[in-house]
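Here is a short report on aromatic rings and how they pair. Please look over the sequence and the structure first.

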Amino acid sequence: MEGTNPVNKKLAAALSGGAVLVLALTGCGSGDDNEKLDSWAKQVCDGVQPQAKKIEAANAAIQKETSDNSTPADVQKTDAKAFQDMSDAYKAMGATVQKAGAPDVDEGEKKQKDAVTELNSLSSSYASLRKQVEALDTKNQAKFADGLKDIATELNKLSKSGSDALKTLEEGDVGKAMAKQESCKSASVTPSATTG
């Protein structure tokens, strides 16, 4: 039953490789005070934090399932649930950014729109990965492993494209305002991104 293991590990690696790059904040301090922007950042950070935790938990579930000697059926069930959780979380983040309105910065409206579009698109991508994993044939180990390979490839793509609009949203003053929020500090899934 070892057949899926290397692929499972590949899947886990693809996931931890940044498919969950959730608002990895700059963490640089800011001397400027902009109350409007600070309150916008607080609203976004407070809304994003529980979703970031949900994504981390989904990630951890996949990692755990792939480190055990799990059957294809177990892997399928865990991955499907994890992808659905991630899909829901990104959708909720999109709604949070939408509800917060445009940040009080140059091109704030465009940045906000792009981020919402990006988050909703990530949500759809994870929903379709869930369907993909559910459609895999768990009775045929070799086929199942191949199917997981495709999903891992897809995840790698998501991890590369997923954070662009969020990065743009967090540039400059917006990032500084968000970095000051307690909930954003703890929401960052990749704490190593503290280059100030």
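Rings of Phe, Tyr and Trp (its six-membered ring) count as a pair if their centres lie within 6.5 Å; planes under 30 degrees apart are stacked, those over 60 are edge-to-face, and the rest are tilted. The model examined here is predicted. By this rule, the count is two aromatic pairs.

The table gives both pairs.

| Pair | Centre to centre | Angle between planes | Type |
|---|---|---|---|
| Phe 83 and Tyr 126 | 6.3 Å | 35° | tilted |
| Tyr 90 and Tyr 126 | 5.5 Å | 10° | stacked |

Where do Phe 83 and Tyr 126 lie? Phe 83 is in helix α3 (residues 72-100) and Tyr 126 is in helix α4 (residues 108-134), so their pair ties together parts 43 residues apart in sequence. The pair of Tyr 90 and Tyr 126 also links distant parts of the chain. Tyr 90 belongs to helix α3, Tyr 126 to helix α4, and they are 36 residues apart. Phe 83, Tyr 90 and Tyr 126 form one aromatic cluster.

Tyr 126 counts as buried because its relative accessibility is 0%. Tyr 90 has a relative accessible area of 1%, so Tyr 90 is buried as well.

Helix α4 has 27 residues. From its first C-alpha to its last, α4 reaches 39 Å, close to the 39 Å expected at 1.5 Å a residue.

Note on methods: Residues are numbered from 1 along each chain as its sequence is written. This is a predicted model: local features need pLDDT of at least 70, side-chain atom pairs count only at pLDDT 80 or more; totals for chains, interfaces and linings use all residues. Side-chain values use heavy atoms; hydrogens and water are left out. Helices (H or I, at least four residues) and strands (E, at least two) are DSSP runs, numbered from the N terminus. Buried means under 20% relative accessible area, exposed over 50%, partly exposed in between (1.4 Å probe, protein chains only). The expected span of a helix is 1.5 Å times one less than its number of residues.
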